[in-house]
Structure formats: C-alpha cells, structure tokens
Amino acid sequence: MPNRVIRESIRTSHTVAGLSAEAERMFVRLITVADDTGRFDADPRVLKSTCFPLLVDRVKTKSVEKWREELVASGVIQLYEIDGRTY
C-alpha cells in the first residue's frame, strides 16, 4: 500500500475542526489504512484493531462506533453495504 499524505489544509478545514479530537484522530488513522479508492471495512471491531493496534486494550469498540458515526454525520466518510458488510 502506498504512503498517504495528509495535507496541511486539514488544519484549516471547517469540517475537520467540527469533529471531536477523538473522531479526528480516528479519521487521520483511517486515511492510512483505506485502499486507493478510500474504501475500508466499517465494522467497529475491525476499525478498532486496525486503526488502534497498540491501544486495543484502552479503546472501546463502542467509542470507535461513536466516532465512526460522527465522521458519517460530518460528511467526511460515507458508509455503504455490500452483501451484508458495511464499508
């Protein structure tokens, strides 16, 4: 997987500024694991283990689900379903 670049414009994004610190942190980590078209498994358990591999004992799955929903509500990510799996 290629390296991802997070542009400096993220600092002045009104959308990103409206996120909680935790949701923003997850968003940045999600950028690093999504594929080249921006897709990734949206199961909170998968997000937790992939985005927070060294924090799985401290980050709660319910928190990841809450942050995911915050990212959806802000419009920075979109969820969709294929064959019963959410991406």
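This is a predicted model: local features need pLDDT of at least 70, side-chain atom pairs count only at pLDDT 80 or more; totals for chains, interfaces and linings use all residues.
Figure 1. Residues are numbered from 1 along each chain as its sequence is written, and side-chain values use heavy atoms, with hydrogens and water left out. D83 sits in the loop between β1 (81-82) and β2; helices (H or I, at least four residues) and strands (E, at least two) are DSSP runs, numbered from the N terminus. The backbone deserves a glance too: phi of D83 is near 50 degrees, a positive value in a residue other than glycine.

**Figure 2. R4 and D36 meet in a salt bridge through their side chains.** The N to O distance is 3.3 Å, and the term covers a side-chain nitrogen of Lys or Arg within 4 Å of a carboxyl oxygen of Asp or Glu. Side chains of opposite charge can pair when their charged atoms come close. This pair links distant parts of the chain, 32 residues apart: R4 belongs to the segment before α1 (14-17), and D36 to the loop between α2 (21-33) and α3 (44-51). R4 is partly exposed at 26% relative accessible area, whereas D36 is exposed at 61%. In the whole structure, a search finds four salt bridges.

**Figure 3. R85 and D41 form a salt bridge, and R45 and D43 form another.** The closest N and O atoms of R85 and D41 are 2.2 Å apart. Distant parts of the chain are linked here as well, with R85 in strand β2 (residues 85-86) and D41 in the loop between α2 and α3, 44 residues apart. R85 counts as partly exposed at 45% relative accessibility, while D41 is buried at 11%. For R45 and D43, the N to O distance is 2.5 Å. R45 counts as exposed, at 58% relative accessibility.

**Figure 4. The largest nonpolar core has 16 residues.** Such a core is a set of buried Ala, Val, Leu, Ile, Met, Phe, Trp, Tyr and Cys residues joined through side-chain atoms within 4.5 Å. M26, F52, V64, W67 and L71 touch the most other members. Two or more residues come from each of α2, α3 and α4 (61-74), and α2 gives the most, with five residues. In soluble globular proteins, nonpolar side chains tend to be buried together. Zooming in on W67, its contacts (heavy atoms within 4.5 Å) are E22, A23, M26, F52 and V59, not counting residues up to four places away in sequence.

**Figure 5. Helix α3 has buried residues P44, L47, K48 and C51.** These residues lie on the same side of α3, because they cover an arc of only 100 degrees around the axis. That arc is taken from the directions from the helix axis to the C-beta atoms. An α-helix has 3.6 residues a turn, so residues three or four places apart point the same way. The buried residues of α3 pack against α2 and α4. In α4 you will find R68, a buried residue with a relative accessible area of 11%. Leaving aside residues up to four places away in sequence, R68 touches M26, A42, P44, L47, I77 and L79.

**Figure 6. The largest pocket has a volume of about 450 Å³.** On a 1 Å grid over the protein atoms alone, a pocket is an open set of points with protein on both sides within 12 Å along at least five of seven lines, unlike a cavity, where a 1.4 Å probe fits but cannot get out; lining residues have an atom within 4 Å of a point. Grid points are joined across faces, edges and corners, and the volume is the space filled by probe spheres set on the points. The lining counts 23 residues, and L30, A34, G38, R39 and I77 lie nearest the centre of the pocket. With four residues, α2 gives the most to the lining. L30 is placed in helix α2 and is buried at 11% relative accessible area. Beyond residues up to four places away in sequence, L30 touches F40, L47, C51 and I77.

Methods
Buried means under 20% relative accessible area, exposed over 50%, partly exposed in between (1.4 Å probe, protein chains only).
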